[in-house]
Amino acid sequence: MVEPYEAYVEKFNEATQKLLEIVPQVVSVDGLYSEEDQLQFILAFRAMMRLHKKMSHYTEFTWDDLQMEEQLFADYTSKYLDLKEKLDPTDPSKKASILNDIDFELELIRRDTINVTYILQLLIKFKSKHSAKDKESIEKDIFNLLNTEVSLRSKRELIEKFIQESLPHIEDTDAIPEEFEKFWNVEQEKALQELVKTENLSEEKTERLIENYLFTEREPLRKEILDLRKEGRPSVLKSKEIGDRILNKIIGFVDTFVNGISGN
């Protein structure tokens, strides 16, 4: 079940307190000599990563709501990875380790190498440069990334639209992220309206299904997809074709407007 954003904030802050009881500072992780203590840290921090991943899907997500700063979270993440690196299943002396069977769930901290946030940083640099040569170099880098980076492929057309139509009118470089977010929200709403209109879907049900898809990371079943249709389910012969078409559109919507936006 999807819970309100505030509920995840509360759970994350509670999890933060539990973690700090085990390791009050980042360097405290280095002092966890017993495997039992290390396991306590791994499980406590993994719970925080799960909550962070869920919260990051909310548009209202901000680190200001949390009792741990983003940099400190990143520092604890590094220690989490350090513990994993120390485990060597090929070492005979460590085969009995209670940590060998722990799933470190590395997908919880996987980040796209290049995401939209990175592109925005390049755009800020581009606007702040006065030299034509510098501008040309950064512009070349941006468009090379848009053309070659897999994680940006579905977003390329929209990012180019922002660069061509919105960026020239932004004077303050600090306003670029905020203006991009406004632009992205408008385009996302337009894309959602186009999806529900062309497929004649319930907007409310479609939004709920997309939210559930993001949180559970499980592709919707064909039955769930077909239940979105206002006109009811199609004939058995057409169910697969229509269900697959709508599913592909929903996956495409998520890939474009959600994945890789803030590094998820």
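In the predicted model, phenylalanine 12 is buried, with a relative accessible area of 0%. Its ring and that of phenylalanine 73 have centres 6.1 Å apart and planes at 45 degrees, so the pair is tilted. This pair links distant parts of the chain, with phenylalanine 12 in helix H1 and phenylalanine 73 in helix H3, 61 residues apart. Phenylalanine 73 is buried, as is phenylalanine 12.

The structure holds 15 aromatic pairs. In one of them, the ring centres of phenylalanine 12 and tryptophan 63 lie 6.5 Å apart and the ring planes stand at 85 degrees, so the geometry is edge-to-face. Because phenylalanine 12 belongs to helix H1 (residues 5-22) and tryptophan 63 to the loop between H2 and H3, this pair ties together parts that are 51 residues apart in sequence. Tryptophan 63 counts as buried, at 16% relative accessibility. Phe12, Trp63 and Phe73 belong to one aromatic cluster, which also includes Phe41, Phe45, Phe61, Tyr76 and Tyr80.

The loop between helix H2 (35-55) and helix H3 (70-86) also contains aspartate 65. This residue counts as partly exposed, at 34% relative accessibility. Asp65 forms a negative surface patch together with Glu6, Glu60 and Asp64.

Side chains of opposite charge can pair when their charged atoms come close. Across the whole structure, 14 salt bridges are found. Aspartate 30 lies in the loop between H1 and H2 and lysine 79 in helix H3, so parts 49 residues apart in sequence are tied together. Aspartate 30 counts as partly exposed at 43% relative accessibility, whereas lysine 79 counts as buried at 17%.

A salt bridge also joins the side chains of glutamate 199 and lysine 249, at an N to O distance of 2.7 Å. Here the link runs between the loop that connects helix H7 (176-198) and helix H8 (203-216), which holds glutamate 199, and helix H10 (residues 236-257), which holds lysine 249; the two residues are 50 residues apart. Glutamate 199 is buried, with a relative accessible area of 5%, while lysine 249 is partly exposed, with 34%.

Glutamate 231 and arginine 229 meet in a further salt bridge through their side chains, at 3.9 Å from N to O. Glutamate 231 is exposed, with a relative accessible area of 53%, and arginine 229 counts as buried at 12% relative accessibility.

Definitions and conventions: Residues are numbered from 1 along each chain as its sequence is written. This is a predicted model: local features need pLDDT of at least 70, side-chain atom pairs count only at pLDDT 80 or more; totals for chains, interfaces and linings use all residues. Side-chain values use heavy atoms; hydrogens and water are left out. Patches are made of residues with over 30% relative accessible area and no salt bridge: like charges are joined within 9 Å, nonpolar side chains (Val, Leu, Ile, Met, Phe, Trp, Tyr) within 5 Å. Accessible areas come from the Shrake-Rupley method with a 1.4 Å probe; for residues, only the protein chains shown count as cover. A salt bridge is a side-chain nitrogen of Lys or Arg within 4 Å of a carboxyl oxygen of Asp or Glu. Lys and Arg count as positive and Asp and Glu as negative; His and the chain ends are not counted. The place of a charge is taken as NZ of Lys, CZ of Arg, CG of Asp or CD of Glu. Helices (H or I, at least four residues) and strands (E, at least two) are DSSP runs, numbered from the N terminus. Buried means under 20% relative accessible area, exposed over 50%, partly exposed in between (1.4 Å probe, protein chains only). Rings of Phe, Tyr and Trp (its six-membered ring) pair if their centres lie within 6.5 Å; planes under 30 degrees apart count as stacked, over 60 as edge-to-face and the rest as tilted.
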